[in-house]
Amino acid sequence: MSLDYWRNIEGTYPFQAENENDMLKLKEGHNPVNLSTLEKQLIGIRRHLHQYPELSKEEFKTTDFIKKCLAEKGIQIRPTSLKTGVFADIAGESEGPSIALRAVIDALPIEEKTGLPYASKHKGIMHACGHDFHTAALLGAAFLLKENQDSLKGKIRLLFQPAEESGAGAAKVIEDGQLDSIDAVIGLHNKPDIPVGTIGLKTGPLMAAVDRFKVEIQGKGAHAALPHNGFDPIVGASQLIVALQTIVSRNINPLNSAIVTVGKINGGSTWNVIPDTVAIEGTVRTFDSEVRNQVKQRFLAVAAQISSAFSLKANVKWQSGPPPLCNDEAITELVRDAAHKARLQVIDPDPSTAGEDFAYYLEHIPGSFAFFGTGGDHDWHHPAFTIDETAIIKASYFLYESARRLLDSSMQE
Ligand code: NI
């Protein structure tokens, strides 16, 4: 790596250049860490993960690889009932709070089109959301923490969480007891539209609640030329789709926000027959639990009453995903200090209408989730999605510094 990032370090900065050979030393008796070597190692780790991506709940080789990386450094792996995912502890010699650092490890069913020499070797599977970056960054933070274990005032728990993309992972981790006796949790997601060296931090809602719906509208089929003999679910579904849009425009306070999107409609088999049923599917996104509930109640009422007006029946299946992701104020302030220490430029990001199952952790314990700048021309889940690898060591150092800040803050309850 270029040493420029670490050069001209001010007195308060915890890394001190020992000499020009990029051997850098942590202050106050901390052990020296060769960041250049570490960066190369982390880039190697990330490229390995990128080449061998695995889908949610199938991260078996990824799990083995992470365990191997941790074991090589003598980091203690915790028992788990989960088949994939890795949990580990780094405990300091003195008592203090317990802080969790979380990364997600799964990939997506997308055929990679980056043309990179280390592109995915698993056909139809790709790290198109940068979870390889998250895993490498957390491993880097773990290595830095392990190097300085003696001086930690408390305990760090590492959560290499499986199955974020399927939405089930965080809840399983909580069920497995990995959050028990943990005081706070820190996480991050790469963000391609934020440049490397910049971080987005926000108190309050940062990512949306994700709900999914399917409505089956039951009518009565008939000949297309004899509509009076049936109850047309296509006309009913059309009215319903338009009426659902009034939830956002007429029911939700304009100072709040919500999204109701119908992404799929399915009905009929040919041009001259009125079908029996039509199904619509879609998603609702909100940033506030009250608004979330209001949209759902209104949705159910509109679906039932529009259908009834046309002598149809609506069967609504509602699947609740992650709640809104809400960052704790005090912890976000500590994380902000850590970001400044890591010489990152801090911005106030726009919240994302995507969801994140990190939100489940924040229902149990306070914490903060950051958007970490990784640059790139394509957004998450695009087949040509890339990250700038110079962001890895920065993310590692940011996580390391955040963990230390929280341990030193004596935030124990
Ligand atoms: Ni992701």
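Me: Helices here are DSSP runs of H or I with at least four residues, and strands are E runs of at least two, both numbered from the N terminus. With that settled, where is the place of Arg-404?

Reply: In this predicted model, Arg-404 belongs to helix H9, which covers residues 390–408.

Me: Buried or exposed, that Arg-404?

Reply: Buried means under 20% relative accessible area. Arg-404 has 8%, so it counts as buried.

Me: How far is the C-alpha of Arg-404 from that of Leu-145?

Reply: The two C-alpha atoms are separated by 8.6 Å, while the residues are 259 apart along the chain.

Me: What about the chain overall: how many helices and strands?

Reply: The protein chain has 9 helices and 19 strands. Its C-alpha trace spans about 85 × 45 × 40 Å along the principal axes. Of the 413 residues, 53% are buried.

Me: And which share of the contacts with a separation of 6 or more is between residues 24 or more positions apart?

Reply: Such pairs make up 79% of those contacts.

Me: Surface and charges, quickly. How much accessible surface does the protein chain have, and how far apart are the mean positions of its positive and negative charges?

Reply: The accessible surface is about 18100 Å², and carbon and sulfur atoms hold 49% of it. There are 41 positive and 51 negative charges, with mean positions 4 Å apart.

Me: On to the sheets. In what order do the strands of the 8-strand open sheet run?

Reply: The order is E4-E5-E7-E6-E8-E19-E9-E18, with mixed pairing. E4 (76–77) and E18 (345–347) are the edge strands; each has a single partner, so one side of each has no neighbour in the sheet.

Me: What sense do E4 and E5 pair in, parallel or antiparallel?

Reply: Antiparallel, through 2 bridges. Gln-76 faces Asp-89 of E5. On the next pairing, E5 and E7 are also joined in the antiparallel sense, over 6 bridges, and Ala-91 is opposite Lys-155 in E7.

Me: How many of the residues of E5 are buried?

Reply: 5 of the 6, so E5 is largely enclosed by the rest of the structure.

Me: And E6 with E8: parallel or antiparallel?

Reply: Parallel. Strand E6 (residues 94–104) and strand E8 (residues 184–191) are joined by 4 bridges. Ala-100 has Val-185 of E8 as its bridge partner.

Me: Which strands does helix H7 touch on that sheet?

Reply: H7 (residues 329–341) touches E8, E9 (198–200), E18 and E19 (367–373), and its direction makes about 35 degrees with that of E19. Helix H2 (residues 60–72) lies across E4, E5 (86–91) and E7 (153–161), at about 15 degrees to E5.

Me: Now the open sheet of 4 strands. What is its order?

Reply: E13-E15-E11-E16, paired antiparallel. The edges are E13 (258–267) and E16 (313–320); each has a single partner strand, so one side of each lacks a neighbour in the sheet. Neighbouring strands are turned by 20 degrees against each other on average, direction ignored.

Me: How many bridges hold E13 and E15?

Reply: 9 bridges, in the antiparallel sense, with E15 covering residues 277–286. Thr-261 has Thr-283 in E15 as its bridge partner.

Me: And which strands does helix H6 touch?

Reply: H6 (residues 289–309) packs on this sheet and touches E11, E13, E15 and E16, at about 160 degrees to the direction of E16. Helix H5 (residues 233–251) lies across E11 (209–218), E13 and E15, running at about 170 degrees to E13.

Me: Where is Glu-281 placed, and what does Glu-281 touch?

Reply: Glu-281 is in strand E15. Leaving aside residues up to four places away in sequence, Glu-281 touches Arg-212, Phe-213, Lys-214, Thr-261, Val-262, Gly-263 and Lys-264. The relative accessible area of Glu-281 is 17%, so it counts as buried.

Me: Last topic, backbone. What is the phi of Ala-163, and of Arg-343?

Reply: Most residues other than glycine have a negative phi. Ala-163 has a positive one of about 55 degrees, and Arg-343 also has a positive phi of about 55 degrees.

Me: Where do Ala-163 and Arg-343 lie?

Reply: Ala-163 is in the loop between E7 and helix H4 (169–175), and is buried at 3% relative accessibility. Arg-343 is in the loop between H7 and E18, and counts as partly exposed at 36%.

Technical notes: Residues are numbered from 1 along each chain as its sequence is written. This is a predicted model: local features need pLDDT of at least 70, side-chain atom pairs count only at pLDDT 80 or more; totals for chains, interfaces and linings use all residues. Side-chain values use heavy atoms; hydrogens and water are left out. Two strands pair if DSSP finds at least two bridges between them. Contact means heavy atoms within 4.5 Å. Axes are lines fitted to C-alpha atoms, for helices over the stretch in contact, and angles run from 0 to 180 degrees between N-to-C directions. Buried means under 20% relative accessible area, exposed over 50%, partly exposed in between (1.4 Å probe, protein chains only). Accessible areas come from the Shrake-Rupley method with a 1.4 Å probe; for residues, only the protein chains shown count as cover. Lys and Arg count as positive and Asp and Glu as negative; His and the chain ends are not counted. The place of a charge is taken as NZ of Lys, CZ of Arg, CG of Asp or CD of Glu.
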